[in-house]
Structure formats: structure tokens, C-alpha cells
Amino acid sequence: MKRSTKTIAALVAAPLTLLIAGAAIAADDIPRPSYNFVEVDYVYGTADVESGQPGQLPSQANKDTWNLSEGVALKASYVFVEQLLVRGSYYAGSGEWKKTADVDSSSGLIGISWLAPTTDATGIDVGLDYRADSIEFKNSNNNFDEDIEGVGFSFGVRAAPTKNTEFGARVGWYEGDYEGAIGFNVNAAWNINDRWGITAYWD
């Protein structure tokens, strides 16, 4: 899905402003969200295929939707020194297109970020990312696969308005095969205790 730069900027600025403002009024004794974690997610998603994209079938000229459901993602990050953050994620999923073809997809990302000094309850990082995505389409008449990769920059904010809740957002800009594509995600988490939590996110 393509959006103008102005639209993307508006979508990003609003949640980031709310996160920073929310953290500013949080209690002083709430610590910064932990960046040392491993997370396993169930992912449900769709992919819109627009006319003119590589590998597109003639029947997709009216912009059909692929269902990329039943996916699992693994995410992790770790602070090696006080301000050096390493992030990584991998997703693999499968689904159907119009119930006539199988669609398999995967995505991987690794990033290195500078973790900015911030007040309690807020975390901000700026990073350099490498990302790679793959998609494979198979049915009785057509088969194709496409692999794309590139590097880019990303900016993330995490804020904890209470000791057990957290909200975050990240925006990234990617070159290479992505040709200047912009990625954006938001998340919310409820921390059951110091070791376990429940997270929901939109990407």
C-alpha cells in the first residue's frame, strides 16, 4: 500500500507525541522499559498486490489481497553496553490467495541502535537496520517467488505510563530493493511480572 510522505508523517507524529507526553506525566519511580527480552508472536496479516509489481499475475490487475495468516514471529533485543542496542526479528507465515493458491512468506530484520539517555519511563533509540523479505506463490497454473532486501534507518519510542503497561512505536525508511519504502508499527504491552508479559502490535 502506497501513502504520501505527508500522510506517513502525520501518522507517525501523532502517536510519538502522545507516547512522549504520556511518559512525561508518569510517576518518577517508573523505570525505563527493559530492552533485554525475547518475544514470540502469533501473526495474522494480508498483503495487497498492486498492478505493475514484479511477478504479478494478470488476474491481480484489480489489486487483490493475499491472506498471510497462521504466522509466527520471534523478536529479541539486548543492550550490550549502556547505549548500544541490538535488535532482531524473524517472521514466517503461510496462507491462501482466493482459496486457489498457497502463499508463503518470511521476513527477517537485524538492527543496531543508539539508545538515547532519557528520563524514567521513556526509551528512545535510533538505529541502522538490514531487512530481507521473501514471498512465494504456488498453484496448479502459476508459480513464482520474489526475494527483496535493503538497509535503512529506524526510530523507536517506548513509554511506560504505569509499572505494568507500556506503549511503543517505530518508523523505518528502507532503500535497496525497497526503493525508499516506509515502515511503521505500534504496540501495547501488559507486564504480568518481571519475566512475563502480553503484547499486541500492528505493523
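Biologist: Which residues make up the largest nonpolar core?

Modeller: This is a predicted model, where local features need pLDDT of at least 70, side-chain atom pairs count only at pLDDT 80 or more, and totals for chains, interfaces and linings use all residues. Residues are numbered from 1 along each chain as its sequence is written, and side-chain values use heavy atoms, leaving out hydrogens and water. A nonpolar core is a set of buried Ala, Val, Leu, Ile, Met, Phe, Trp, Tyr and Cys residues joined through side-chain atoms within 4.5 Å. The largest one has six residues: Trp-97, Ala-101, Val-103, Ile-135, Phe-137 and Phe-144.

Biologist: Which strands each supply at least two residues of this core?

Modeller: Strands are DSSP runs (E, at least two residues), numbered from the N terminus. Those that each supply at least two core residues are β4 and β5 (122-138).

Biologist: Is Gly-111 buried or exposed?

Modeller: Gly-111 lies in strand β4, residues 101-115. Buried means under 20% relative accessible area, exposed over 50%, and partly exposed in between (1.4 Å probe, protein chains only). Gly-111 has 2% relative accessibility, so it counts as buried.

Biologist: Which side chains make polar contacts with the side chain of Ser-113?

Modeller: Ser-113 is also in β4, and at 3% relative accessibility it counts as buried. A polar contact is a pair of N or O atoms within 3.5 Å; within protein, one must be able to donate a hydrogen and the other to accept it, and residues adjacent in sequence count only if both atoms are side-chain atoms. Another, of 2.9 Å, reaches Asp-125.

Biologist: Why is the pair of Tyr-78 and Phe-80 edge-to-face?

Modeller: Rings of Phe, Tyr and Trp (its six-membered ring) pair if their centres lie within 6.5 Å; planes under 30 degrees apart count as stacked, over 60 as edge-to-face and the rest as tilted. The centres of Tyr-78 and Phe-80 are 5.0 Å apart. The pair is edge-to-face because the planes stand at 75°.

Biologist: What is the angle between the planes of Tyr-174 and Tyr-178?

Modeller: Both tyrosines, Tyr-174 and Tyr-178, are buried. Their rings lie 6.0 Å centre to centre. The pair is tilted, with an angle of 55°.

Biologist: Which ring has the charged end of Arg-158 over it?

Modeller: A charge sits over a ring if NZ of Lys or CZ of Arg is within 6 Å of the ring centre and within 35 degrees of the ring normal. The charged end of Arg-158 is 4.4 Å from the ring centre of Tyr-35.

Conventions
Helix = DSSP H or I, 4+ residues; strand = E, 2+ residues; numbered from the N terminus.
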